[in-house]
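Subject: Handover of a structure for your review

Dear colleague,

Please find below the structure that I am handing over to you.

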Amino acid sequence: MHPRERVDEVLRLVAAGWNLSQVSRATGVPWSTVQRWRSGGPPRSAGLRDDPRPRRGASPLCPLCHGEPLDEAAYAYLLGLYLGDGYILEQRRTTMLSIVQDARYADLIRLAARTIERVRGEGTRVSLVRKVGCVEICAWWKHWPCLFPQHGPGRKHERRIVLHDWQRRIVRSYPRQLVRGLLHSDGCRTTNRVGNGRYAYPRYLFVNTSPEILQVFRDACDALGIRYRNSKPNTISVARQPDVAALDRFVGPKS
């Protein structure tokens, strides 16, 4: 017996192009069942639950819609991840938040999963879907668009990204968490070598094609007193020794 929301979850991932093994690992539904549903659809006589009444603990209430408490520090970090390498997929019954992380960084993958759990609330089920060179960290909740109103059609750099007043308040309170999330998604700590390699120094780079997201990063750095420069139209560099040291205290190399 599978609940209706689980069936919808499977069919949504199949429609998004996930293969049978990926869907099975992400949802816990057997591979053969996924294949049968993909081929002929789920039989309505299979014990699917269509009871519209919410099950206890099935879905946390939304901080914006219902006034539930929000872990704001965790949200600021997750906002940085979403603005960098995240997306939201809306379906008829529910919505998926996906954060993409490099498969090499096991610690960051675990951190992203824990952060999603802290933001969504108790009982959150986070799925890890391994792809070529990366891992998708996914969770389903119909209120993700409420928490990330920047969601919309098309790629983020093709539409305006403007933080709402309540988001700006959180970002002002937790700029470190936001910067950390942005750098953990679309940034890196690297070594720059000059003079034929005779001189080397560490620096942070944040790369994004959205001018508004670049400005979000600049504003957070300004709030922290971290100096930066625009090394390219899509790249912000933090290279002065005291500023790199400041970022090292709460960001550091990816792992």
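I begin with a charged pair: the side chains of Arg-110 and Asp-107 meet in a salt bridge with an N to O distance of 2.4 Å, a salt bridge being a side-chain nitrogen of Lys or Arg within 4 Å of a carboxyl oxygen of Asp or Glu. Both residues belong to helix H6 (residues 106-120), where, being three residues apart, they are separated by about one helical turn. Arg-110 is partly exposed at 45% relative accessible area, and Asp-107 is partly exposed at 37%. Here buried means under 20% relative accessible area, exposed over 50%, and partly exposed in between, with a 1.4 Å probe and protein chains only.

Please note that this is a predicted model, in which local features need pLDDT of at least 70 and side-chain atom pairs count only at pLDDT 80 or more, while totals for chains, interfaces and linings use all residues. Residues are numbered from 1 along each chain as its sequence is written, and side-chain values use heavy atoms, with hydrogens and water left out.

Further salt bridges

A search of the whole structure finds nine salt bridges. One of them joins the side chains of Arg-227 and Asp-243 at 3.1 Å, N to O. Arg-227 lies in the loop between helix H10 (211-224) and strand E7 (229-232), and Asp-243 in helix H11 (residues 241-248), so the pair ties together parts that are 16 residues apart in sequence. Arg-227 is partly exposed, with a relative accessible area of 42%, whereas Asp-243 is buried at 4%. Asp-102 and Arg-104 also meet through their side chains, at 2.9 Å, N to O; Asp-102 is partly exposed at 23% and Arg-104 is exposed at 63%.

Overall fold

The chain has eleven helices and eight strands; these are DSSP runs numbered from the N terminus, helices being H or I of at least four residues and strands E of at least two. Of the 255 residues in the chain, 47% are buried.

Four strands form an open antiparallel sheet in the order E1-E2-E4-E3, two strands being paired if DSSP finds at least two bridges between them. Strands E1 (86-90) and E3 (127-131) stand at the edges with a single partner strand each, so one side of each is left without a neighbour in the sheet. Strand E2 (residues 95-102) and strand E4 (residues 134-140) pair over seven bridges, and Ser-98 stands opposite Cys-138 in E4.

Two buried residues

Which residue is buried yet has no salt bridge? Arg-159 is, and the nearest side chain of opposite charge, Glu-158, is 6.9 Å away; Lys and Arg count as positive and Asp and Glu as negative, with His and the chain ends not counted. Arg-159 is found in the loop between helix H7 (144-147) and helix H8 (165-173). A polar atom of its side chain lies 3.0 Å from the backbone oxygen of Gln-150, and one lies 3.2 Å from the backbone oxygen of Gly-152.

Val-179, in helix H9 (residues 175-186), is buried with a relative accessible area of 0%. Leaving out residues up to four places away in sequence, Val-179 touches Phe-217, Ala-220, Cys-221, Leu-224, Leu-247 and Phe-250, contact meaning heavy atoms within 4.5 Å. Val-179 and Leu-247 are 68 residues apart in sequence and 8.9 Å apart in space, C-alpha to C-alpha.

Yours sincerely

Notes
Polar contact = N/O pair within 3.5 Å; in protein donor to acceptor, adjacent residues only side chain to side chain.
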